[in-house]
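Trainee: I have a chain open on the screen. Can we go through its side chains together?

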Amino acid sequence: MATPPVSLIARVVVDVPLPQPLDYRLASSVVLPTGQMCVVPVGRRTRMGLIVDTACHSGVDPARLKDVGAVIEQVPPLDRHWLDFTQFASDYYQHPWGEVALPALPPVLRTLPGPRFTQALARLRTHFDTHA
């Protein structure tokens with residue numbers, strides 16, 4: 001008897017007043033790095049999220065876990081130092097991590113990808129390349 005494929009759990013922070021990251025199911029063949037931007041369902045809405053950890057198990061019933069909606073591959077993962085800094089700020093100011101980490105990003109990275117997302121990223125890259 002074949003064993004079912006193991007799906008990883010992504011711990012994702014979103015800009016909502018929740019004290020801990022939310023758990024989402026990743027496809028069995030997908031391994032995403034910490035710091036990767038993604039789109040996830042939160043209640044009836046869809047929001048930008050930031051993967052802060054991955055795990056093999058969750059405290060949530062597997063039937064209740066939702067899938068990560070989309071991965072924002074056009075944006076490289078944020079590094080561990082940035083994640084640690086935003087987590088420190090979250091603890092220091094006593095605000096949820098998602099309410100600190102996501103508002104610290106440029107507006108184009110906080111909004112859901114739409115038809116002009118790629119153009120907005122190109123403008124942002126050009127802006128930082130000319131001012132670096």
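Mentor: Start with a term. Buried means under 20% relative accessible area, exposed means over 50%, and partly exposed is in between, with a 1.4 Å probe and protein chains only. This is a predicted model, where local features need pLDDT of at least 70, side-chain atom pairs count only at pLDDT 80 or more, and totals for chains, interfaces and linings use all residues. Residues are numbered from 1 along each chain as its sequence is written, and side-chain values use heavy atoms, with hydrogens and water left out.

Trainee: Is Asp84 buried, exposed or partly exposed?

Mentor: Use the limits of under 20% for buried and over 50% for exposed. Asp84 has a relative accessible area of 36%, so the label is partly exposed.

Trainee: Which residue meets the side chain of Asp84 in a salt bridge?

Mentor: A salt bridge needs a side-chain nitrogen of Lys or Arg within 4 Å of a carboxyl oxygen of Asp or Glu. Here the N to O distance is 3.1 Å. Helices (H or I, at least four residues) and strands (E, at least two) are DSSP runs, numbered from the N terminus. The partner is Arg80.

Trainee: How many salt bridges does the structure hold?

Mentor: Side chains of opposite charge can pair when their charged atoms come close. Arg25 pairs with Asp67 at 2.8 Å between the closest N and O atoms. That pair links strand E2 to strand E5 (residues 66-67), 42 residues apart. Counting every such pair, the structure holds three.

Trainee: Which residue forms a salt bridge with Arg11?

Mentor: The N to O distance is 2.8 Å. The pair links strand E1 (residues 9-14) to strand E2, twelve residues apart.

Trainee: Which side chain joins Asp23 in a polar contact of 2.5 Å?

Mentor: A polar contact is a pair of N or O atoms within 3.5 Å; within protein, one must be able to donate a hydrogen and the other to accept it, and residues adjacent in sequence count only if both atoms are side-chain atoms. Asp23 also has a polar contact of 2.8 Å with the side chain of Arg11. At 2.5 Å, the side chain is that of Ser58.

Trainee: How many disulfides does the count come to?

Mentor: A disulfide is a pair of cysteine sulfur atoms within 2.5 Å. The sulfur of Cys38 is 18 Å from the closest cysteine sulfur, in Cys56, so the gap is too far for a bond. Cys38 is also buried, with a relative accessible area of 0%. The count comes to zero.

Trainee: Is Gln94 buried or exposed?

Mentor: Gln94 sits in the loop between H1 and helix H2 (97-101). Its phi is near 55°, a positive value in a residue other than glycine. At 72% relative accessibility, Gln94 counts as exposed.
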